[in-house]
Amino acid sequence: RRSFDVMFGNGNLQHVSFEVGIGDLEVIPQHEGALNSQLLDYQGNIQDKLDFAHKDVLLVDAGNRTVDAHLLLKNNKGKSKTWLDVSMLSVKDEVCEYILEETDNEREVYEYQLDKYILGEDPCTIKCGRNIIDFKSTLQASIRDKIRVLSKRLQMVYNLDDLDSILVTG
């Protein structure tokens, strides 16, 4: 028997305890997990408020390392596609490069450290000696660029005009 503290949608930690055996687990693709999180309530019951079962839906799961798109045609699986170069990791890499350049190679920040500066006390700034580097505009420009590229790719791979819904998660 294992016990866990789990955070649900409202941000409150709840203590749960249950047994999980290897036979109880199923590995599913990330986009299916994202879709399940929209379709199921916390007890695993279907709560398909958006009626995805009767629609053509494109699920776009924008993650840290990949952006995955998966087409559901009236609940039948369609074409899936994954991109690496438009993920948040690619955005973070650009910001880290900007910080390195702005500090004349004095301050190297790694992507796994960047969140604390993005969400920190003084958001989107980093101190290097007496200088404060503001990277907000670089971050925003990189995100806008990735969204533009992703939008064009989605339009090329999927006919977006024929879809009932596009669900973006991440």
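User: What makes Tyr112 and Lys116 count as exposed residues of H3?

Analyst: Good place to start! In this predicted model, Tyr112 and Lys116 sit on the face of H3 turned away from its buried side. Exposed means over 50% relative accessible area, so both residues are above that cut-off.

User: And which residues of helix H3 are called buried?

Analyst: Within H3, residues 111–118, they are Glu111, Leu114, Tyr117 and Ile118. Buried means under 20% relative accessible area, so these four fall below that cut-off.

User: Why are E6 and strand E7 said to pair?

Analyst: A pair needs at least two bridges between the strands. E6 and E7 (residues 131–134) have four, in the antiparallel sense, so they qualify as a pair. In this pairing, threonine 125 stands opposite aspartate 134 in E7. The two strands form a hairpin with two residues between them, and glycine 129 in the turn has a positive phi of about 65°.

User: What kinds of residues make up the lining of the largest pocket?

Analyst: There are 13 nonpolar residues, three polar and one charged. Ala, Val, Leu and Ile are among those counted as nonpolar, so Ala62, Val67, Val86, Ile147 and Leu150, the lining residues nearest the pocket's centre, belong to that group. H4 gives the largest share of the lining, six residues, and the pocket's volume is about 320 Å³.

Note on methods: Residues are numbered from 1 along each chain as its sequence is written. This is a predicted model: local features need pLDDT of at least 70, side-chain atom pairs count only at pLDDT 80 or more; totals for chains, interfaces and linings use all residues. Side-chain values use heavy atoms; hydrogens and water are left out. Buried means under 20% relative accessible area, exposed over 50%, partly exposed in between (1.4 Å probe, protein chains only). On a 1 Å grid over the protein atoms alone, a cavity is a set of points where a 1.4 Å probe fits but cannot get out, and a pocket is an open set with protein on both sides within 12 Å along at least five of seven lines; lining residues have an atom within 4 Å of a point. Grid points are joined across faces, edges and corners, and a volume is the space filled by probe spheres set on the points.
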